[in-house]
Amino acid sequence: MRTATTPARSRPPVPQGRPSTRPARRTALAASLLLAAGLLTTNPPTAGAAPAPTPVTVTVNARAGLATVPATALGVNHAIWDANLGTDQTSDMLKAAGVRMLRYPGGSYADIYHWKDHTAPGGYVAPGTDFDTFMAAARRVGAQPIIIANYGTGTPAEAADWVRYANVTKGYGAKWWTVGNENYGNGHYGSAWEADHHPDKSATYYANLVVEYADAMKAVDPSIKVGAVLTIPGNWPDGITAGNDPGPWNQTVLSIAGPKIDFVDVHWYPGGTAAESLARVNHIPDAVWLLRQQIARYAGPNAARIDISLTELNVDQGRNTQPGALFLAEAYSELLQNGVFTVQWWNVHNGIDRVSQVAGHTDYGDFGMLSSGGCTSDGSVCQPPLNTPFAPYHGLSMMNLFAQPGNQFVRAGTDRPLVTAHAVRRANGEIAVLLVNKDPDNAHPVTIDYAGFTPSADAPTVHTLTNGAAGITTGQTGSATNRTLPPYSLTTLVVRPAEVVTGGPAAPRTPAVSAVTDRSATIFWPALPPQAGPPVKYEVYRQHGTVSEQLGETTGSSFTVGNLSPGTRYTVNVLARDTAGRLSWPSPPLTFVTGNPTGSACAVRFTKNNDWGNGYIGGVDIVNNDVNPIDGWTLTWTWPTTWQQAGSGWSGNWEQTGTTVTVTNTDDSRRIAPGGSTSAGFVGAYSGPNVLPTTFRLNGTVCTTL
């Protein structure tokens, strides 16, 4: 996929049978989103001035804690074809943008790169890009390295020698090592862009070699972290089983290599138009949730220790213009608040590609966030001078101003799809709010409501990145509760508290859950030590959107919650309150899913077969556990997401309204005798993470799930 003259990221081609994203005009899609948000009207215009637009309501809930920003959060990719990899100017610009992690030696090149002689047979290696030069640059930036060991054309011994050189000979302390790049792209599933010289291209073979790599590398330095390559749920080839593997790529790799690895590494290129890429950020929470479910199910004992990195991220449209900046800020925020330990843009420098006009500005189709200073092959269009920042660089700089290591993300949201919000709470009591206006044409006034936090009447510090701007502007203006967001903009407000509260209890540590049933669960956490400020009580809150719903309180360190709904995902925090009424920060979040009744008059088995990447053959088996026959039945379930569908079906009458699926009996299947069963099938479809339903109701009764 890469050549010496035009390096590009390891972009997988659309596999046969996988539909490509239908292009759409940005203005048309933006208008449809505006209409859905109620921002467009079909009423005839009236005389006089147009009415002011209704403000967007933003809610920030400081009690609803999410993940803490890690020291490795903000990352980018370096590549060995980039002759500017080690220059002081490049390193200083990355440092100024807050980069804390750098990946090397560069995407698919990693699977042809041999570090000892600094060669990549079949590819271009620029001068001044060897490993020692990279490490010197990383140290100047102040970033930790994450290194890709050559799986495609390398060996475990070669990788172990690299660890020895890096950490024993040179003392670099390189902690993070991934085995390979996008190794599912080796032809095993039909599409081949990743080098793989092994006789067996299966997921099984890769997983077994990951075990050998991990053993060899950790024998040299037991302190390192070794990662395996997975695919992010909802993206090809997720769900597809090939050859003699026991299951899809992720399942197979985790089942074999899970006990040996410390993290999993995924990539995400959402594709589509600028508006479509921005909308697909909504897939992230479910994608990360599914990935964690796969890890927990397949990776063996103590699977919770396995972290997640996302080391390649970019868009198809607007790579160098404002859509790229908006997407970067949105995606980094969403991934980090869901606990991913590093997010890395692809890449620092790459090169000019398809030139177009996007959002009123020239886009060079360049995956790099800094200009390479090159021209098209015919010389008709040239980029700005070397290292001129493109919009995503400013988006990364905004992330550095917004979410700093040690900050805790808290829940934030809005009532309009074209304006989104993220928020963090800082140790000094400040709240930082990132506001994203995804409307390319219109400014939007916003009102900001705070829960669990009282803002100061002083003007907040305001950082703004507008469409086409050469950088971020900073000032201290306006109020913490009202703001007008320019079109296609990023705005960060840093809001001081009305009162700085000293003392008070420390935040409880991460809670856990046990005894989960269909209606209850026991939540427990480590009791705070006396020196942390002994609490009078602990309070347990559920995150219900941006609202914290108190489930109960206790003076102990566990609490059993009742009256829960079957098959429902709950995210909770624990907070401590002391004798003065001071409330701690929220604990890290705990997410769990309630079960279904163990004894019910009915049982349902949901099956998924022959998954082809965006669809499958689904089925439901219905069992009558009652002593009486069933004479006519209606089965219902609700999809967990809006991008899932039950298409044509058989052996039942199928209907979907919104996310609710209803299946009724046919004449042949109307009667189910005691202990008997019937089955129906359908064609399922999905265009994002495919979170399967777990709760089914037959004639209104919640069934046992088989």
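The model is predicted. The protein has an average pLDDT of 92, and 92% of the residues score at least 70. Over residues 1–47, pLDDT stays under 50; for this stretch the model has 72 contacts beyond four places in sequence.

Searching the whole structure gives 44 aromatic pairs. A pair of aromatic rings is described by the distance of the centres and the angle of the planes. Two of the pairs are listed here.

| Pair | Centre to centre | Angle between the planes | Class |
|---|---|---|---|
| Phenylalanine 131 and tyrosine 172 | 5.7 Å | 80 degrees | edge-to-face |
| Tyrosine 184 and tryptophan 193 | 6.3 Å | 75 degrees | edge-to-face |

The pair of phenylalanine 131 and tyrosine 172 links distant parts of the chain, 41 residues apart. Phenylalanine 131 belongs to helix 3 (residues 131–141), while tyrosine 172 is in the loop between helix 4 (156–169) and strand 5 (176–179). Are these two residues buried or exposed? Phenylalanine 131 and tyrosine 172 are both buried. Tyrosine 184 and tryptophan 193 are buried too.

Phenylalanine 131 and tyrosine 172 also belong to one aromatic cluster.

How values were computed
Residues are numbered from 1 along each chain as its sequence is written. This is a predicted model: local features need pLDDT of at least 70, side-chain atom pairs count only at pLDDT 80 or more; totals for chains, interfaces and linings use all residues. Side-chain values use heavy atoms; hydrogens and water are left out. Rings of Phe, Tyr and Trp (its six-membered ring) pair if their centres lie within 6.5 Å; planes under 30 degrees apart count as stacked, over 60 as edge-to-face and the rest as tilted. Helices (H or I, at least four residues) and strands (E, at least two) are DSSP runs, numbered from the N terminus. Buried means under 20% relative accessible area, exposed over 50%, partly exposed in between (1.4 Å probe, protein chains only). pLDDT is the predictor's confidence in each residue, from 0 to 100. Contact means heavy atoms within 4.5 Å.
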